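Here is a short report on one protein chain. Look over the sequence and the model first, then read on.

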Amino acid sequence: MFDKSGNLTPAAQQQFPDAGGTPAAIITSSVGPGVLQMDTTILKACGDRANTLGSQVITELGAPQLDITDAVTSLIGLDSSGALNTAWSLWQQQYQNLSTTLTSIGQNLIAGATSTTETDHHNAGHFRPE
């Protein structure tokens with residue numbers, strides 16, 4: 001997904017075309033200072049993409065597992081086997097933590113969008129004439 005420089009690979013750019021672009025601007029209203037307008041559709045879409053990325057991290061970064069397992073097995077009896085096994089175990093923990101974090105961010109973005117929409121509808125109801 002990322003090249004050696006930390007940039008998105010061409011394949012990742014095709015899969016997530018908006019990931020490499022400039023983030024959307026936060027629009028403030030001219031109604032008064034401190035008024036913020038939010039597009040909950042965009043917020044939810046960002047949450048969906050974070051969830052997808054969280055799943056793809058497991059798939060992409062866990063892909064070498066069979067090769068590592070074969071190498072560890074082939075090197076049994078050598079110090080390299082244990083070292084490789086330890087390195088792979090630490091790598092798994094790291095990418096699984098990254099996946100969990102991305103998924104949590106996605107869920108929080110979606111929950112925030114949903115809550116904002118529900119609160120907005122609820123508050124709008126109080127301003128309707130009876």
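This is a predicted model: local features need pLDDT of at least 70, side-chain atom pairs count only at pLDDT 80 or more; totals for chains, interfaces and linings use all residues.

The expected span of a helix is 1.5 Å times one less than its number of residues. Helix α4 covers residues 79–126, which is 48 residues. At 1.5 Å a residue, α4 should therefore span 70 Å.

**The whole chain**

The protein chain holds four helices and two strands. Starting at the N terminus, the order of elements is α-β-β-α-α-α. How much of the chain is buried? Of its 130 residues, 17% are buried. Now take the contacts between residues at least 6 apart in sequence. Of these, 64% join residues at least 24 apart.

**Helix α4 and its cover**

Which residues of α4 are buried? They are S81, W88, Q92, Y95, S99, L102, G106, I110 and A113. Part of their cover comes from α2, residues 40–61. Helix α3, residues 65–74, also belongs to that cover.

**How α2 meets α4**

Two packed helices are described by the angle between their axes and the distance between the axes. For α2 and α4, the axes come within 8 Å. They cross at roughly 165°. Angles over 145 degrees count as roughly antiparallel. The two helices α2 and α4 are therefore roughly antiparallel to each other. The crossing of α2 past α4 is left-handed. What kinds of residues make up this contact? There are 15 nonpolar, 13 polar and two charged residues in the contact of α2 with α4.

**Two buried residues**

S99 sits in helix α4, and Q56 sits in helix α2. Are they buried or exposed? The cut-off for buried is under 20% relative accessible area. S99 has 8% relative accessibility, so S99 counts as buried. Q56 has 17% relative accessibility, so Q56 counts as buried too.

The table lists their contacts, leaving aside neighbours within four places in sequence for S99 and residues up to four places away for Q56.

| Residue | Helix | Relative accessibility | Contacts |
|---|---|---|---|
| S99 | α4 | 8% | G54, S55, V57 and I58 |
| Q56 | α2 | 17% | Q15, F16 and L61 |

Find S99 in the model and look for G54, S55, V57 and I58, which are in contact with S99. Then move to Q56, which touches Q15, F16 and L61.

Terms used:
Residues are numbered from 1 along each chain as its sequence is written. Side-chain values use heavy atoms; hydrogens and water are left out. Buried means under 20% relative accessible area, exposed over 50%, partly exposed in between (1.4 Å probe, protein chains only). Contact means heavy atoms within 4.5 Å. Axes are lines fitted to C-alpha atoms, for helices over the stretch in contact, and angles run from 0 to 180 degrees between N-to-C directions. Angles under 35 degrees count as roughly parallel, over 145 as roughly antiparallel, 65 to 115 as roughly perpendicular and the rest as oblique. A crossing is left-handed if the near helix is turned anticlockwise from the far one by less than a right angle, and right-handed if clockwise. Ala, Val, Leu, Ile, Met, Phe, Trp, Tyr, Cys and Pro count as nonpolar, Asp, Glu, Lys and Arg as charged, and the others, Gly among them, as polar.
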